Amino acid sequence: MAISLSCPPGSQLERLRQTTPLVHNITNHVAMTPSANTLLAIGASPLMAHALEEIQDIVRVADVLCINIGTLSVPWIEAMQLAAEAAHLAGKPWVLDPVGVGASLLRQQTCRVLLDHQPSVIRGNASEILALAGEASQSRGVDSGDDAEDAIVRATQTAISLAQQHGCVVAMTGLVDVVTDGKQLIRITGGHPLMGRVTAMGCALSSVVAAFIAANDEPLSATASALACYAYAGECAGYHATGPGSFVPAFLDTLYTLDGETPPLETRMEITNVA
Amino acid sequence: MAISLSCPPGSQLERLRQTTPLVHNITNHVAMTPSANTLLAIGASPLMAHALEEIQDIVRVADVLCINIGTLSVPWIEAMQLAAEAAHLAGKPWVLDPVGVGASLLRQQTCRVLLDHQPSVIRGNASEILALAGEASQSRGVDSGDDAEDAIVRATQTAISLAQQHGCVVAMTGLVDVVTDGKQLIRITGGHPLMGRVTAMGCALSSVVAAFIAANDEPLSATASALACYAYAGECAGYHATGPGSFVPAFLDTLYTLDGETPPLETRMEITNVA
Amino acid sequence: MAISLSCPPGSQLERLRQTTPLVHNITNHVAMTPSANTLLAIGASPLMAHALEEIQDIVRVADVLCINIGTLSVPWIEAMQLAAEAAHLAGKPWVLDPVGVGASLLRQQTCRVLLDHQPSVIRGNASEILALAGEASQSRGVDSGDDAEDAIVRATQTAISLAQQHGCVVAMTGLVDVVTDGKQLIRITGGHPLMGRVTAMGCALSSVVAAFIAANDEPLSATASALACYAYAGECAGYHATGPGSFVPAFLDTLYTLDGETPPLETRMEITNVA
């Protein structure tokens with residue numbers, strides 16, 4: 001059964017721009033600059049901070065938290081835990097990006113501890129969603145190796161279970177994006193293959209999801225709206241780019257000029273109930 | 001009373017290019033790459049280093065130091081203190097960028113300790129200048145929330161007091177830029193709103209100020225020249241860009257092609273004596 | 001005597017693309033994002049990780065390792081040692097980039113320890129190659145100050161000795177690139193002066209060399225092929241760019257669209273036996 005969103009993506013984007021949510025990121029070294037630029041382009045305000053000594057202050061001032069486990073180290077893991085706990089206790093939403101979780105035991109352990117603090121949204125590629133659930137994946141590193149059709153079907157089931165288990169929204173992105181809260185499933189089409197040839201596109205998307213859920217009430221539809229904007233901007237940029245180098249400025253310009261009325265945003269979503 | 005600079009900005013830029021000052025940066029993770037690229041574009045040579053064990057060696061080889069307190073951690077704070085102390089003792093100029101100082105107690109404490117080592121220039125936005133002086137600001141994060149006219153007038157007074165108190169130059173940048181040594185005040189016009197939609201533009205400007213004061217004798221006019229070049233390049237890039245993505249390459253290209261004779265540089269400055 | 005490569009650079013590029021080697025980088029904070037984007041553009045898969053606790057896992061899953069000593073700290077030095085040792089024991093190739101090794105004692109000591117783990121390739125500019133061998137250089141920071149003709153001749157001799165001493169390939173890049181295993185010397189022409197005005201171009205090249213040696217059997221010719229692709233892409237991008245800002249997207253686009261059949265690749269190499 002097809003269902004419509006109570007609030008269309010364009011309106012959610014407009015609300016983000018009116019409220020310019022302050023997004024606290026504890027993210028990996030590669031994603032620092034791209035994530036900040038992507039947040040600024042779409043209309044949010046980025047803040048990166050990882051010192052244990054200021055985490056409480058930063059969580060207090062920020063509207064939302066985004067934790068990304070790439071380029072871990074022990075002090076950063078402690079900061080992530082403290083930040084996730086503080087955000088959860090303060091009733092502030094937070095996003096977990098389990099980047100490359102399948103690549104090491106340290107990443108798996110870190111995610112396990114972080115999941116105890118109840119993220120609002122988990123965003124990863126198919127390999128990461130599978131690895132987070134303890135299932136085997138084809139991934140070797142941080143880029144997805146699970147984009148084949150049957151792998152996506154299997155991973156979608158895993159995403160639904162994960163959402164039910166943790167009472168959160170799970171966004172699985174790749175050739176096709178799916179978002180689920182364990183009850184409904186939203187498929188989002190769009191994007192462009194060049195998005196896989198630019199670093200930190202997924203990481204920056206997690207930050208954009210954080211901005212959307214800070215500005216809007218329903219995490220499921222807010223996450224889907226974030227993905228729809230991203231997929232649309234990726235498609236536009238891919239159309240104009242001649243490679244991954246020219247893709248980046250075109251992508252940021254498109255995010256910046258996206259209009260709440262941009263017609264394709266809504267038509268990219270297909271919502272169904274999970275049986 | 002309007003006064004002219006003893007050395008015009010174009011000549012100061014030429015001197016920077018002839019001497020290619022080596023700028024030692026201890027800066028935040030977001031600003032690392034943009035700051036290095038901005039320094040290279042304008043004709044300086046960037047060096048990033050933060051290990052306590054090599055700080056003394058690096059300060060010795062570098063011409064100038066730029067310290068930016070974003071993405072702090074305890075080991076980095078120690079390195080900043082050691083570097084500031086070593087630069088001060090060696091008689092080398094250094095720049096303090098108190099990024100987001102209002103956001104946490106840790107940042108305030110760090111700035112207090114660093115100020116003891118007598119920076120040559122402090123560069124921040126209005127919110128940061130206010131917070132550094134212990135005054136209330138509208139800022140929530142690292143981006144300025146104090147761009148209204150009366151806020152700027154108040155912050156300008158604070159900048160003048162700060163310069164007098166610490167015997168340094170204070171550069172306050174935003175919709176309007178002001179530079180003061182507590183005796184004279186230089187207002188610089190130019191720039192473009194897109195500069196607020198690109199991360200680390202302020203951080204990179206602090207590094208460019210460092211390059212200018214290393215290459216030229218008078219910190220006040222050297223800082224003003226750095227800001228004039230930046231404001232001019234921002235205006236040109238903003239004119240050609242369709243968003244923050246295309247702004248960045250256009251901005252770097254403009255800095256690179258800036259000519260010492262570029263006429264608009266001088267006409268953007270208005271110098272007055274502080275009453 | 002001129003010799004031809006047993007495997008042409010175009011074929012080596014094709015093999016890289018077919019195998020998409022997973023490149024583990026422990027690199028400096030400035031080079032993180034550019035290196036990842038450069039690897040993705042040419043067709044490899046980047047992974048950045050430096051936690052001691054996951055180094056063994058990451059080395060196991062990766063095809064090759066690239067260590068770059070910029071922005072050192074003690075915990076990172078420990079990770080580098082562990083990674084180099086693990087890679088060497090596992091028979092996996094690894095690349096050492098001794099960035100700015102002349103700038104501090106800490107960098108010299110770090111390189112000395114790393115060299116014990118037998119890198120497959122050392123890649124640096126002339127100043128770094130000289131400093132690594134304990135010879136005086138004109139460099140003050142991380143950018144080369146040794147591009148004059150006689151300095152290059154002297155540095156080339158040093159590169160040959162270094163390759164013989166450590167039983168590895170040495171790639172010295174700058175206005176002219178030379179690659180040697182101590183028996184043969186390959187000179188590669190191309191590139192563009194704007195490459196010196198963009199940060200981390202050398203660092204990212206070290207990662208590209210890592211990808212090439214992972215995908216191909218002979219380190220000498222694989223390294224030369226990496227440099228030929230880079231020099232060609234730099235020349236193309238420089239032709240189209242109006243400055244360092246527009247150079248970067250053009251460079252990445254060219255790497256991405258490089259074809260195994262691109263004719264100029266082979267003609268840029270001149271191979272001689274070391275007397």
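**View 1. Helix 2 of chain C and the glycine that follows it.** Just after helix 2 of chain C, C:Gly43 takes a positive phi of about 115°. This is a predicted model: local features need pLDDT of at least 70, side-chain atom pairs count only at pLDDT 80 or more, and totals for chains, interfaces and linings use all residues. Residues are numbered from 1 along each chain as its sequence is written, chains are lettered from A and ligands numbered from 1 in the order in which they are written, and side-chain values use heavy atoms, with hydrogens and water left out. Helix 2 spans residues 32-42 of chain C and is mostly covered. Of its 11 residues, 11 are buried. Among them are C:Met32, C:Pro34, C:Asn37, C:Leu40 and C:Ile42. Buried means under 20% relative accessible area, exposed over 50%, and partly exposed in between (1.4 Å probe, protein chains only). Helices (H or I, at least four residues) and strands (E, at least two) are DSSP runs, numbered from the N terminus. An α-helix has 3.6 residues a turn, so residues three or four places apart point the same way.

**View 2. C:His24 in strand 1 of chain C.** C:His24 lies in strand 1, residues 22-26 of chain C. Its relative accessible area is 0%, so C:His24 is buried. Neighbours within four places in sequence are left aside here; the contacts of C:His24 then include C:Leu47, C:Ile55, C:Val64, C:Cys66 and C:Ala83. Contact means heavy atoms within 4.5 Å.

View 3. Strand 6 (residues 169-173) and strand 7 of chain C pair in the antiparallel sense over 3 bridges. Two strands pair if DSSP finds at least two bridges between them. C:Met172 has C:Val178 in strand 7 as its bridge partner. Strands 6 and 7 of chain C form a hairpin with 3 residues between them. Strand 7 of chain C also runs antiparallel to strand 8 (residues 184-188) of chain C, joined by 4 bridges. Here C:Val179 stands opposite C:Ile186. Strands 7 and 8 of chain C form a hairpin too, with 3 residues between them. In that turn, C:Gly182 has a positive phi of about 95°. Now look at the side chains of strand 7 (residues 177-180) of chain C: C:Asp177 and C:Val179 point one way, C:Val178 and C:Thr180 the other way, and all are buried.

**View 4. The sheet of chain A.** Strands of a sheet pair through backbone hydrogen bonds, either parallel or antiparallel. In chain A, 9 strands form an open sheet in the order 2-1-3-4-5-6-7-8-9, and the pairing is mixed. Strand 2 (45-48) and strand 9 (269-273) of chain A stand at the edges; each has a single partner strand, so one side of each is left without a neighbour in the sheet. Neighbouring strands of this sheet are turned by 20° against each other on average, direction ignored. Helix 4 (residues 74-89) of chain A packs on the sheet and touches strand 1 (22-26), strand 3 (64-68) and strand 4 (94-97) of chain A. The direction of helix 4 makes about 150° with that of strand 3 of chain A. Axes are lines fitted to C-alpha atoms, for helices over the stretch in contact, and angles run from 0 to 180 degrees between N-to-C directions.

View 5. Strand 8 (residues 184-188) and strand 9 of chain A pair in the antiparallel sense over 5 bridges. A:Gln184 stands opposite A:Asn273 in strand 9.

**View 6. The annotated binding site in chain A.** UniProt places the feature "binding site" (unreviewed entry) at A:Arg123 and A:Thr173. They are spread over 51 residues of sequence but cluster in space, with a largest C-alpha distance of 7.4 Å. UniProt positions are given in the numbering used here, feature names are shortened, and annotations may be inferred rather than shown by experiment. A:Arg123 sits in strand 5 (residues 121-125) of chain A and is buried, at 4% relative accessible area. A:Thr173 sits in strand 6 (residues 169-173) of chain A and counts as buried at 11%. A polar contact of 2.6 Å joins their side chains. The side chain of A:Arg123 also makes a polar contact with the side chain of A:Asp97 (2.9 Å). A polar contact is a pair of N or O atoms within 3.5 Å; within protein, one must be able to donate a hydrogen and the other to accept it, and residues adjacent in sequence count only if both atoms are side-chain atoms.
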